[in-house]
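Have the sequence and the coordinates open, try each task, and then compare your steps with the solution.

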Amino acid sequence: MQETATITPAGKQAPESLFSVLDKHMELLDAFLSEQVGEFEPAVRELVRYTFLHRGKRLRPALVFYAGRTDSEPSPELVRAAAIVELVHLATLVHDDILDTADIRHGTRTVAAKFGQHHAVLLGDALFAQALKLASEFPTTEVCRLVATATRQVCSGEICQTFARGDAALSLEQYFRIIRLKTAELFEVSCRVGAGLAYPEIEYADACATFGRHLGIAYQIFDDIADFSGDEAAIGKTLGTDIASGKFTLPVLLYLQTLQAPQRDALLDALRGQKISPAELASKMKAANIPARCAEIFEEETRKAETALAPHAEKPSAELLLAILAYVRRVSARLTF
């Protein structure tokens, strides 16, 4: 998702690129994160620096900046908040790559692949701790409480997903609960904290949080589809890891529902024995119209996100959040399998 074309939010003419409006914000974020390297012990700094240099789209800090967008320059508090959610996200990625035995992330070797799993586990812990340390430096405890709760929820979601590996009886309700925790939670807190730091209205922060929650769910569905239909070079990470590690994501769960018991058992045996490739499974799912069903659910979540911000569409930050929603919709529409 490296596109930078201009997007017109809410039917208005967008004068700037969706991402170029954050050029200054991201420069400040990079400078702040560079300063954080020195906070770690000398033996750890190379790992931290490597993690920071091999970043991805930085969508979560972008959500902090978008939700907190005003006509003024970004405040130091907003930059710190963006750095906090990025640190939490990076920590989860470091741990995810261990769980998924992934070798590639953002087009380069994962921390686990380069430095070893033991180092990666502890680095993820250190990144979480630094995020909470930064959150504790706000004048009130509210940001720290929100970030700590979100971090717990993200980790809980990963635990739930680990317990659910290989579980063909996983319901759609359970699936959505897992992605609500492991992905949408951090989207939600990014939007809530950004809006809360920039705007006095609690109602707007609540609306932004609801927007972030549904955007996060939609984004995870996009990610689930990309695991079957994406191009590794374009996406920038190892694909096919979900099915290889026994994760039954939305496309697989929907497909399993279409099968009779004998066919279902045969497919499960093939999956557990890794006797069917992601490409073969994708072909079967396409024949069963699964991509269209995934797209419908994705669109439902994006509509909920859009509805949450509708009463506040006049705010500059709401326009930008709606623009990023349009961007995610457009990129998702190009995926098929």
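Buried means a relative accessible area under 20%, exposed means over 50%, and partly exposed is what falls in between. Keep in mind that this is a predicted model.

**Exercise 1. Classify His89 as buried or exposed, and list what His89 touches.**

Solution. 
- Step 1: Locate the residue. His89 sits in helix H4, which covers residues 76-99.
- Step 2: Apply the cut-off. The relative accessibility of His89 is 13%, so His89 counts as buried.
- Step 3: Look up its partners. Leaving aside residues up to four places away in sequence, His89 touches Arg60 and Leu186.

**Exercise 2. Describe how helix H3 packs against helix H8.**

Solution. 
- Step 1: Take the geometry. The axes of H3 (residues 59-67) and H8 (residues 172-198) come within 7 Å, crossing at roughly 30°.
- Step 2: Name the orientation. Angles under 35 degrees count as roughly parallel, and H3 and H8 are therefore roughly parallel to each other.
- Step 3: H3 passes H8 in a right-handed crossing.
- Step 4: List the residues. H3 contributes Leu59, Arg60, Leu63, Val64 and Ala67, while H8 contributes Leu186, Phe187, Ser190, Cys191, Gly194 and Ala195.
- Step 5: Sort them by class. The contact of H3 with H8 has eight nonpolar, two polar and one charged residues.

Arg60 and Leu186 both belong to this contact, and they are also the residues that His89 touches in Exercise 1.

**Exercise 3. Repeat the analysis for H3 and helix H9.**

Solution. 
- Step 1: Take the geometry again. The axes of H3 and H9 (residues 202-229) come within 12 Å, and they cross at roughly 155°.
- Step 2: Name the orientation. Angles over 145 degrees count as roughly antiparallel, and H3 and H9 are therefore roughly antiparallel to each other.
- Step 3: List the residues. Leu59, Arg60, Leu63 and Ala67 of H3 meet Tyr204, Cys208, Leu215 and Tyr219 of H9.
- Step 4: Sort them by class. The contact of H3 with H9 has seven nonpolar, no polar and one charged residues.

**Exercise 4. Find which residues have the most contacts inside the largest nonpolar core, then list what Phe248 touches.**

Solution. 
- Step 1: Start with the core. The largest nonpolar core has 111 residues.
- Step 2: Follow one of them. Not counting residues up to four places away in sequence, Phe248 touches Gly166, Asp167, Ala168, Leu170, Tyr175, Ile243, Leu253, Leu256, Leu268 and Leu271.

Terms used: Residues numbered from 1 in each chain as written. Predicted model: local features only at pLDDT ≥ 70, side-chain atom pairs only at ≥ 80, totals over all residues. Heavy atoms only, no water. Axes fitted to C-alpha atoms, helices over the stretch in contact; angles between N-to-C directions. Helix = DSSP H or I, 4+ residues; strand = E, 2+ residues; numbered from the N terminus. Parallel < 35°, antiparallel > 145°, perpendicular 65-115°, else oblique. Left-handed = near helix turned anticlockwise from the far one by under 90°. Contact = heavy atoms within 4.5 Å. Nonpolar A, V, L, I, M, F, W, Y, C, P; charged D, E, K, R; others polar. Core = buried A, V, L, I, M, F, W, Y, C linked by side-chain atoms within 4.5 Å. Buried < 20%, exposed > 50% of the residue type's maximum accessible area, 1.4 Å probe, protein only.
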